[in-house]
Amino acid sequence: MKRIARAARWPLIVVLGIVAGYLLLVGAYLLPVEPMARNVRASVPALNGEWGQEDAYEQLIRGYVPTQLDNSTDAVMMLAAVHESEKSPFVQAAEGCNYGGDGTSFAALMAYAQGEALDSVAVARYWHGYLVLLKPLLLGMSYLDIRMLLMLVQGALLLAVVAGLCRRGLGFLVPAFGVSLIFITPSVTGFSLQFSTSFCTLLAAMIALLYLPRKRLQQNGLQRLFLITGMVVCYVDYLTYPIATLGMPLCLCPFLLEQKDGKAQLRCFASCCLCWAAGYFGMWAGKWVIAGLLSDEPWFWANLVAKIRQRSAGESDQTAISYLDVLVSQLRPFAKRAYLLAFAALAAGWLLVLWRRRRQPSQPFHAAKRLVLALTALLPFAWYFFTQNHSFNHAFFTSRALSVSAFAACCLLMMPLKRK
């Protein structure tokens with residue numbers, strides 16, 4: 001009976017998460033829209049060129065794709081927040097509607113600010129859980145206020161991760177964490193609602209790992225944490241770089257947990273990946289069931305299957321693409337002189353430190369832990385394989401998943417620096 005109860009615990013958490021997420025969205029749709037609409041309209045001059053040029057895909061540093069914003073998707077998120085409908089909040093939470101027109105979503109936001117009539121567009125395949133936070137914030141804040149708030153929150157979360165690493169005696173991993181941030185570009189994520197969802201989720205998961213008692217993590221707490229992380233990122237994210245919410249915290253596990261043998265290490269890795277996938281895809285499946293039952297869209301399931309096939313297909317704009325093309329598209333944004341110079345300087349610094357500490361005894365590190373880190377480094381490449389079309393077309397933000405590979409690889413390189 002105990003085994004049956006334990007086996008039923010994980011699906012129960014997912015079901016409870018689906019119910020709680022849906023009810024939170026229903027509550028968000030009960031909030032008054034008019035104050036949000038005023039704040040959204042007050043934010044438009046910052047985007048339409050009236051207060052300085054900033055277009056749908058603004059690059060803060062021209063020519064550097066990792067500094068490119070996604071104001072187009074941010075426009076979708078704001079239009080979803082201010083969308084009004086005569087339908088009940090229960091149906092609105094299932095359909096996830098926003099405003100659209102003949103042009104792009106960015107143009108639709110400009111038209112909304114001018115008071116033009118826009119069509120209602122349902123995007124029921126996503127949870128749109130970000131609305132649980134975005135709607136209350138828009139009651140008293142503009143888009144620019146929220147940007148500033150995101151920068152402050154992300155800065156605090158980053159400091160908490162660094163402090164947690166030092167608290168756990170893992171200060172030697174701080175440089176590795178810093179290198180991984182090169183691929184995320186935190187100086188840009190705070191400017192974008194779209195980029196902040198996965199970033200804040202992965203930082204919160206890392207903080208939980210670093211500050212929760214070790215005994216609590218050993219007693220199924222670790223698997224539960226990854227299950228909830230997968231559920232949260234599915235709930236709030238727009239399919240940006242969710243695999244980072246699995247890989248970044250997973251890099252810490254070999255250093256925080258002391259399994260007795262190599263098989264235990266590999267079992268821990270496999271169970272964490274499976275729990276994250278169960279949370280992520282289970283939460284998504286729950287949204288699809290809710291949308292299928294409550295949405296008025298007659299072709300919801302057909303459109304959903306077509307969209308899944310499109311995003312995973314090996315073609316873009318009816319042109320065949322190979323997996324190698326996808327990988328090149330993810331690496332190309334960082335093939336710039338400034339990045340190459342930074343990587344060269346980091347490599348030289350690491351060799352210098354390694355040479356200076358060559359005679360100091362280091363703590364032995366189990367071969368299985370090295371294997372776990374190597375497998376973790378491969379997670380983004382597996383994600384790219386199953387989302388080839390999406391990754392190729394949106395490389396300017398899906399390339400942020402490479403932060404996992406960078407963090408895992410640097411953790412491997414930092415092992416000789418850990419003293420006894």
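Trainee: How many residues of helix α3 are buried?

Mentor: This is a predicted model, and buried here stands for under 20% relative accessible area. The buried residues of α3 include N71, D74, V76 and A81. Helix α3 spans residues 71–81 and is largely enclosed by the rest of the structure, because the buried count is 11 of the 11.

Trainee: What covers the buried residues of α3?

Mentor: Both helices and a strand take part, the strand being β1 (97–100). Among the helices are α2 (34–43), α5 (105–113) and α6 (131–138). The cover also includes α7 (143–167) and α10 (193–211).

Trainee: Which residues does F177 contact, leaving aside neighbours within four places in sequence?

Mentor: Contact is taken as heavy atoms within 4.5 Å. With those neighbours set aside, F177 is in contact with L158, V161, V162, L165, L203, M206, M248 and F407.

Trainee: V19 belongs to a nonpolar patch on the surface; is V19 buried, partly exposed or exposed?

Mentor: V19 lies in helix α1, and α1 (2–29) supplies at least two residues of that patch, as does α14 (262–294). The patch has about 760 Å² of accessible area together. Because exposed needs over 50% and buried under 20%, V19 at a relative accessible area of 43% is partly exposed.

Definitions and conventions:
Residues numbered from 1 in each chain as written. Predicted model: local features only at pLDDT ≥ 70, side-chain atom pairs only at ≥ 80, totals over all residues. Heavy atoms only, no water. Patch = residues over 30% accessible without salt bridge, like charges linked within 9 Å, V, L, I, M, F, W, Y side chains within 5 Å. Areas by Shrake-Rupley, 256 points an atom, 1.4 Å probe, with all protein chains shown as cover. Salt bridge = Lys/Arg side-chain N within 4 Å of Asp/Glu carboxyl O. Helix = DSSP H or I, 4+ residues; strand = E, 2+ residues; numbered from the N terminus. Buried < 20%, exposed > 50% of the residue type's maximum accessible area, 1.4 Å probe, protein only.
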